[in-house]
Each structure stands twice: as C-alpha cells, then as structure tokens.
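Morning, everyone. Let's go through some helix packing, then a cavity. Please look at the screen.

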Amino acid sequence: MQNKFAWIMTPDLPWDDRKEMITTALESGISYVLDLEYSEKIRKLGNVNIVSNEEDADIYLVGIDGEGDGSIDLSENLSDSTDLANAKKAKSEGKTVCAYIKITDKLHEQLAVKLGPIVDYIILVGTDWTVIPLENIIADLQNVDVEIIAAVNDAEGAKLALETLEHGTDGVIFEANDFAQIKDIASEVDNASKVKYDLKIATVTNVKPLGSGDRVCVDTTDMMQPGEGMLIGSYSKSLFLVHSESLESEYVASRPFRVNAGPVQAYVMVPGNKTRYLAELVAGDEVLIVNTKGETRTAYVGRSKIERRPLILIEAEYEGKTIRTLLQNAETIRIVDADDNPLSVADVKAGDKVKVYIEKSARHFGIAIDETIIEQ
C-alpha cells in the first residue's frame, strides 16, 4: 500500500480564521493548501505547498472558473476543452498541474479520464461518492501516472474514498472549517497509509559471536513503545524484527527513539515496501517502525550513528530456508520471540522461535521484483 495524503481547501472566511485552520492542518501533517487569495500570507506560516491558479503556485490549478467547476459549458467534443488546453500549456511550461473537476455527469467523468495522462493530480468533487462513479475513474486511470484526489467532508468520507476499489484514491481534499475535522481526517489518512506485514515464526539454528565491525544505531524522531522495532537483516527478502531500545536495563538507560540495527551492509525496511542499506540512512530519511503484530508507522531518521562494535551472527530457518542477520553482541540488543517478548542476543540459542518477515519476491535496488536472486 502506498502512502496516502491530504490537502485542504481554505474556507471562505477572513484571513485570521483561515490562518487558524491552516496552522492546525500544518500541525496535523498537512502541508498542501488550495487557496486562491492569500498565497503570500500562507507562505509565511511555514513550508507550505500552494495549490492555485496563480503563475507562481507550487501546483498550478486548472478547472476553477473553467469547465471543471461548471463556470464554462463543457463541449461534447472533449478535444475542444478549455481545461484540457490550459493543462497542456501549463505542462509544456514545466509546471506541476492539478485539474479540478466536479463530476456532475458522464461527460465530466470522461473529461477526468482525458486529463489523467496530462496532469499530475486530479481533484474529483461530488455530492455523494456512493453515487458518483469514482470507481470508474480509478479503474480507467489505474495504469496512468496521475494522483487521484477525492473531495470529502469528514473522516467517514475520507475512509470511503481511500478504500474504493481496494486501492482507493491517492489522497483526499477537504474544506478545513473545524479543528476536530482536520485532525480526524489527518488521522484517517495516516491509518490508510499503514502497511501490515505478515510476520512468520522462524527457528534459530545457529548463534555465533564474531569479531568487530561497523554497526549502525538508527535514532528516530519518534518515541517507540515496547514491542516496536524495525525489520532488519542480511538478506533483503528475509528480515528479523529487531526490538527498539525502549526497555530499561541495569546496564544502560532506555533510549526509546533508537534501534541498534546491525552492521552497515544490513537491510532495513522503509516505506513503500522497499529496503535500504543501513549505511545509506541519514537525517531526514524515512524508516518503518514495526510492532509485534506487523503493524507499521513511518518515522524520520534524526541521525544514523556508526561505531565499531563486536558482532554476533544469528541464523534461523523458516520452511527449509536459512536466513541470517548480524547484530551488535551486547545484552541490550534484542530480537522478538514467538510470544512477542524481547529476546536479548546474549540469551538467544538454537531452537528459539523468533519473529521474521519473509518476502516472496526478490529485490533490485530495494524494490520487490519477480526475479531469481540467491542471497547467502
């Protein structure tokens, strides 16, 4: 599942009222604002992406005061569409373009499909998504490189749009007119973006202390809870659930923002069902935090700390397949057992059952593909 997103349309209110709504949206992780009046003032509030029909907009909007919103009659011959011509012109000028379309009839639905291959985003507006043929547009544009955004009013509408035809829309947009509404929709979008990994139970077959190597601590901008960590391993398609340092120890204080992840060459799962080498991670990168149920959330790397430390090799077997990972050889480093309990690498032994993730596909540059690759 991809990351879903939300945009806001500012309400038709005085600036001070709009400002409060925009600020709340920014605090909720929404940084795209459709506003046709106050772009200069909005930019002063933070790092905001402006969606408007102004020439200097971050995303240039067509369809407002055009055929998209019904201001201009739409011809039966879609080749004569003004919105279509405006979108083509804006793209030829190198702009990122969004089309705005009220789906009031079959012809406007066809316009959306016609605009799909040209623009970067399409906002679809309807009075009732149980009636409006959102499914048809998603199906027609499923192989087109365009982000589909449904206009909604509340969290329930957002959930419906984001789940339509299983894939759902890529995002939602709503008129921000209530603080609770903004937070509820942002939460719904966040939930819709979460991937759940099917964790398996593997049997440890070998534990072997090694010499020193360069290992990576991943410090995130999130506080992890007991039971959370990251999927990490020596093989890109077989990863161990490595527990965070969220537990107290007699040796060191807890550091719930950290996963002591393993050596520099190990893989770590990141958003988009991709893997990266631990050595590649830098401040600002995204990583996946995973709990014992396989539920995930996205966090940002605050820093990646590489130090030379003694290592330990852990081998396990799942359905006849041997998988391996290396970790720092210290009692505070833990994986997760079959009962969801943290298991220190100092106590791991052959026969222990541990949680792992097994990918059926191979990976090329971190992306899952159908290809035969042997890792050993």
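Helix α3 and helix α4 are roughly parallel to each other, because angles under 35 degrees count as that. This is a predicted model, where local features need pLDDT of at least 70, side-chain atom pairs count only at pLDDT 80 or more, and totals for chains, interfaces and linings use all residues. Residues are numbered from 1 along each chain as its sequence is written, and side-chain values use heavy atoms, with hydrogens and water left out.

Back to the pair. α3 is residues 82–92 and α4 is residues 106–115; helices here are DSSP runs of H or I, at least four residues, numbered from the N terminus. Their angle is about 15 degrees, with axes 11 Å apart. Axes are lines fitted to C-alpha atoms over the stretch in contact, and angles run from 0 to 180 degrees between N-to-C directions. Asp-83, Leu-84 and Ala-87 of α3 make the contact with Leu-111, Lys-114 and Leu-115 of α4. Contact means heavy atoms within 4.5 Å.

Next pair. Helix α1 (residues 15–27) and helix α7 (residues 179–193) cross at roughly 25 degrees, and their axes come within 10 Å. That makes α1 roughly parallel to α7. In α1, Glu-20, Met-21, Thr-24 and Ala-25 meet Phe-179, Ile-182 and Lys-183 of α7.

Which residues line the largest cavity? They are Glu-245, Leu-247, Ser-249, Val-252, Ala-253, Ser-254, Arg-255, Thr-332 and Arg-334. A cavity is a set of points on a 1 Å grid over the protein atoms alone where a 1.4 Å probe fits but cannot get out, and lining residues have an atom within 4 Å of a point.

Technical notes: 1 Å grid on protein atoms, 1.4 Å probe; cavity = no way out; pocket = protein on both sides within 12 Å on 5 of 7 lines; lining within 4 Å. Helix = DSSP H or I, 4+ residues; strand = E, 2+ residues; numbered from the N terminus. Parallel < 35°, antiparallel > 145°, perpendicular 65-115°, else oblique.
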